[in-house]
Amino acid sequence: MALSTAADLIDAPLLYKGKVRELYDLGEHFLIVVTDRISAFDYVLEPPVPEKGNVLNRLSSFWFDKTKHIIDNHVIHTDVDQLGAVVKDRELLKDRIMVTRKAERIDIECVVRGYITGGGWRQYEKNGEVNGIPLPEGMRKNERFPQPIFTPAAKNDVGHDEDISLERMKELVGVELTGALEQKSLELYEFARAYCEERGIILADCKFEFGLIGGELILIDEIFTPDASRFWAKENYALDVEIDSMDKEPVRSYLAASDWDKNSTPAPLPADVVAETTARYTDILKRLTASS
């Protein structure tokens with residue numbers, strides 16, 4: 001059963017409803033519920049994709065545990081049974097919940113790019129730079145950087161996040177915090193890239209969110225999921241092409257090939273597109289977590 005919202009299943013105030021995640025107030029802590037909603041081109045689509053929320057939450061939990069030696073995170077537990085009467089359907093929500101510490105969010109999306117693709121490639125084509133970082137002439141689409149680059153964005157709760165330079169980030173959050181965020185982001189990326197490569201997966205780029213608790217920098221939100229990272233199967237890697245990423249690519253491809261005008265709510269997704277997308281998400285979960 002796919003889940004569009006948990007609002008009727010949680011006996012706690014709903015603080016925030018994002019495109020996929022819902023944030024509830026437990027008093028001392030937050031409760032994050034990951035739904036099966038899926039978005040593309042800034043629209044939340046119908047129907048929800050079965051298993052998507054389970055995959056995202058399980059992957060985040062997996063990676064938060066794997067990376068806690070690099071930086072602490074906001075997770076307290078992911079055990080639905082500890083929530084008692086707060087949850088009205090434990091079976092439906094058992095793999096979707098995360099109870100977290102309350103952190104003050106830092107309004108910077110910390111992006112690390114290991115390959116020049118996507119929005120980074122579009123910037124490079126335009127002016128030879130990515131987020132103000134000059135790059136060599138003649139780079140090819142999907143080429144691997146000699147060293148990963150840190151390309152932050154200023155978060156906007158409405159509309160798109162804004163790509164910014166490192167200098168602008170220093171103006172927004174300070175030199176010391178900028179340095180710490182850049183260092184931890186690059187450490188996290190390098191750790192996950194090596195892990196993924198052992199499993200035949202290329203981690204092309206990813207994004208992180210951080211927060212502060214009592215002045216301590218911690219990792220929050222989600223980490224190394226298909227919604228926050230660009231994964232490529234190693235066997236599909238090539239230069240100068242659009243590489244089919246291991247995420248909601250079937251949805252994007254379907255919409256791009258349709259007659260949808262991108263200015264109105266699209267028609268419901270066909271059943272085969274939904275099924276293929278579910279398969280993509282469950283496949284990346286298996287490949288990343290098997291025998292680990």
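View 1. Trp 63 has a relative accessibility of 0% and counts as buried. Buried here means under 20% relative accessible area, exposed means over 50%, and partly exposed lies in between (1.4 Å probe, protein chains only). The model is predicted: local features need pLDDT of at least 70, side-chain atom pairs count only at pLDDT 80 or more, and totals for chains, interfaces and linings use all residues. Residues are numbered from 1 along each chain as its sequence is written, and side-chain values use heavy atoms, with hydrogens and water left out. The whole structure holds 12 aromatic pairs. Rings of Phe, Tyr and Trp (its six-membered ring) pair if their centres lie within 6.5 Å; planes under 30 degrees apart count as stacked, over 60 as edge-to-face and the rest as tilted. Trp 63 and Tyr 195 form an edge-to-face pair, with 5.1 Å from centre to centre and 75° between the planes. Trp 63 sits in helix α1 and Tyr 195 in helix α5 (residues 175-197), so this pair ties together parts 132 residues apart in sequence. Helices (H or I, at least four residues) and strands (E, at least two) are DSSP runs, numbered from the N terminus. Tyr 195 is buried, at 7% relative accessibility. Ring pairs join Trp 63 and Tyr 195 with Phe 62, Phe 208, Phe 210 and Phe 224 in a cluster.

**View 2. Tyr 115 and Trp 232 form an aromatic pair.** Their ring centres are 5.6 Å apart and their planes stand at 70°, so the pair is edge-to-face. Tyr 115 belongs to strand β9 (residues 108-115) and Trp 232 to strand β17, so the contact ties together parts 117 residues apart in sequence. Tyr 115 is buried, with a relative accessible area of 4%. Trp 232 is buried too, at 1%.

**View 3. Helix α1 lies across strands β2, β3, β6 and β7.** The helix covers residues 52-66 and runs at about 40° to β7. Axes are lines fitted to C-alpha atoms, for helices over the stretch in contact, and angles run from 0 to 180 degrees between N-to-C directions. Contact means heavy atoms within 4.5 Å. From its first C-alpha to its last, α1 reaches 21 Å with 15 residues, close to the 21 Å expected at 1.5 Å a residue. The expected span is 1.5 Å times one less than the number of residues. α1 is mostly covered, with 11 of its 15 residues buried. Among them are Val 55, Leu 56, Leu 59, Phe 62, Trp 63 and Phe 64.

**View 4. Five strands form an open antiparallel sheet.** The strand order is β1-β2-β3-β7-β6. Two strands pair if DSSP finds at least two bridges between them. The edges are β1 (14-17) and β6 (75-77), each pairing on one side only. From one strand to the next, the twist averages 30°. Within the sheet, β2 pairs with strand β3 (residues 30-34) in the antiparallel sense over five bridges. Glu 22 stands opposite Val 33 in β3.

**View 5. Lys 102 forms a salt bridge with Asp 25.** A salt bridge is a side-chain nitrogen of Lys or Arg within 4 Å of a carboxyl oxygen of Asp or Glu. By this rule the structure has 28 salt bridges. In the Lys 102 and Asp 25 pair, the closest N and O atoms are 2.8 Å apart. Lys 102 lies in the loop between β7 (97-100) and β8 (104-105) and Asp 25 in strand β2 (residues 21-25), so the bridge ties together parts 77 residues apart in sequence. Lys 102 is partly exposed, at 31% relative accessibility. Asp 25 is partly exposed as well, at 24%.

View 6. Glu 242 is exposed, at 65% relative accessibility, whereas Lys 141 is buried, at 14%. Arg 280 is in helix α7 (residues 271-289) and Asp 244 in the loop between β17 and α6, 36 residues apart. Arg 280 is buried, at 19%; Asp 244 is partly exposed, at 35%.
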